[in-house]
Amino acid sequence: MANELGVIKFAVPFAALPPLSRSFAAYRAPRRAVLGAGFSFLSQFITMAAPNFGAKSFIASARVKGAVEKVLENMEWPEQFPFKEEDFQRFDESPDTLFYESPRFVTHIDDPAIAALTKYYSEVLPPSNTRGVAILDMCSSWVSHYPKGYKQPRIVGMGLNEEELKRNPVLTEYIVQDLNVDPKLPFEDNTFDVITNVVSVDYLSKPLEIFKEMARILKPGGLAIMSFSNRCFFTKAISIWTSTGDTDHVIIVGAYFHYAGGFEPPKAVDISPNPGRTDPMYVVYSKKLAA
Ligand SMILES: C[S@@+](CC[C@H](N)C(=O)[O-])C[C@H]1O[C@@H](n2cnc3c(N)ncnc32)[C@H](O)[C@@H]1O
C-alpha cells in the first residue's frame with residue numbers, strides 16, 4: 001500500500017520539498033517565535049535528561065544511538081505543565097471533521113515501520129482471545145497494526161472517519177468523535193486493559209484532558225501505548241510538535257503522561273527497524289498506577 005501523498009517527512013531538506021510543502025514551511029519561522037515555555041522547557045532538559053549530549057539540540061541528538069530510550073530516564077519534571085496554549089495551535093484550525101471527511105485507505109508509515117510496530121504489539125498486548133480483555137484504539141482508522149488474526153472480546157476504535165472504522169477488521173465496535181472538540185472518553189472508569197494510539201498523538205490539541213481521561217478509563221495496571229514516527233499531516237499537527245524533533249516528541253508525550261497524573265513514570269522505546277534508512281518508529285508507554 002502506498003504511503004499517503006501530502007504526508008511530510010521532516011528529514012526532507014527544504015529545497016527538496018514540493019511547492020505546497022514549501023509554503024507550509026515558510027510559515028514556520030513566525031510560529032517558532034510564539035513558542036514560549038515549550039521550547040525553553042525542552043532545552044532545559046538537554047543537559048538534565050541527557051547529559052552526554054551536552055548543549056546539542058535534541059533534534060540533532062535524535063540520531064545519537066539510544067537518545068530516545070534514555071531521555072525519559074531520571075527525568076526531573078518542572079512542577080507545572082510547561083507548555084502554553086499556543087504550543088497546541090495548528091496551521092489549520094478548521095474542524096478536524098472536515099479534514100477527515102473522506103476516507104483514506106492508505107498507510108501512514110512504511111511497511112518496515114508497520115512490521116516493527118506489529119512485532120512490538122505481539123510482545124506486549126494480552127494474548128489473543130483472552131476472556132474479559134478490552135482494548136481501545138484511539139485515533140483509529142481502517143488498520144490498527146495488531147498481530148495478524150488478533151482478537152479480543154472488545155476492541156473499540158475511536159476516530160473521525162466512519163468508513164475507515166467500519167472497514168477495520170479488528171474492531172468489535174467504533175465511535176466517531178472529535179477529541180479536540182470533546183476530549184471526554186465515553187466509557188466507564190476502569191474499562192480498558194490497553195489503549196493504543198498510532199501516529200496520531202501529535203493531532204491532539206487538548207492532550208492533558210485526554211490523558212486524564214485515559215487514566216480514568218484504563219483498569220489499574222492497564223497499559224497506554226503511544227507510537228509515532230517522523231511523519232504527519234503538517235497542517236493538523238500541534239505547533240510544538242512540528243517545531244521539534246524525534247527526541248523532543250518523546251519528552252512531549254512523556255510530559256502528557258506525567259502531568260495527567262495517575263500513571264507510572266513513562267518509558268520510551270526506539271523500535272525503528274532500519275535506523276536512517278526507513279521510517280523511524282518510537283513508542284512512549286506507561287501503565288495506570290495500581291489502585
Ligand atoms: C495519520 S491517521 C492514523 C490512523 C491510524 N492510527 C493508523 O495508524 O493508520 C490520524 C488519525 O487520527 C484521527 N484523528 C485526527 N484528529 C482527530 C480528532 N480531532 N479526534 C479524533 N480522532 C482524530 C483520524 O481519524 C485519523 O484516523
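Over which residues does pLDDT stay under 50, and how many contacts beyond four places in sequence does the model have for them? In this predicted model, the stretch is residues 1-40, with 47 such contacts. Where pLDDT is low, the predicted coordinates should not be read in detail. For the protein chain, the mean pLDDT is 83, and residues reaching 70 or more make up 78%.

The largest nonpolar core comprises 66 residues. The members that touch the most others are Ile-195, Ala-224, Met-226, Val-250, Ala-268, Tyr-282 and Val-284. Helix α11 supplies eight residues, the largest share of this core. Apart from neighbours within four places in sequence, Val-250 contacts Val-68, Val-71 and Leu-72, together with Ala-268, Tyr-282 and Val-284.

Helix α11 (246-260) also takes part in covering the buried residues of α9, as do strands β5 (192-198) and β6 (218-228). Helix α9 spans residues 207-217. Its buried positions are Pro-207, Ile-210, Phe-211, Glu-213, Met-214 and Ala-215.

The ligand is surrounded by 17 residues, of which Cys-139, Gly-159, Leu-160, Leu-179 and Val-198 are the closest. By residue class, the shell around the ligand contains eight nonpolar, seven polar and two charged residues.

Terms used. Residues numbered from 1 in each chain as written. Predicted model: local features only at pLDDT ≥ 70, side-chain atom pairs only at ≥ 80, totals over all residues. Near = placed C-beta within 6 Å. Nonpolar A, V, L, I, M, F, W, Y, C, P; charged D, E, K, R; others polar. pLDDT = per-residue confidence, 0-100. Contact = placed C-beta atoms within 7 Å. Buried ≥ 20, exposed ≤ 12 C-beta atoms within 10 Å, placed from the backbone. Helix = DSSP H or I, 4+ residues; strand = E, 2+ residues; numbered from the N terminus. Core = buried A, V, L, I, M, F, W, Y, C linked by C-beta atoms within 7 Å.
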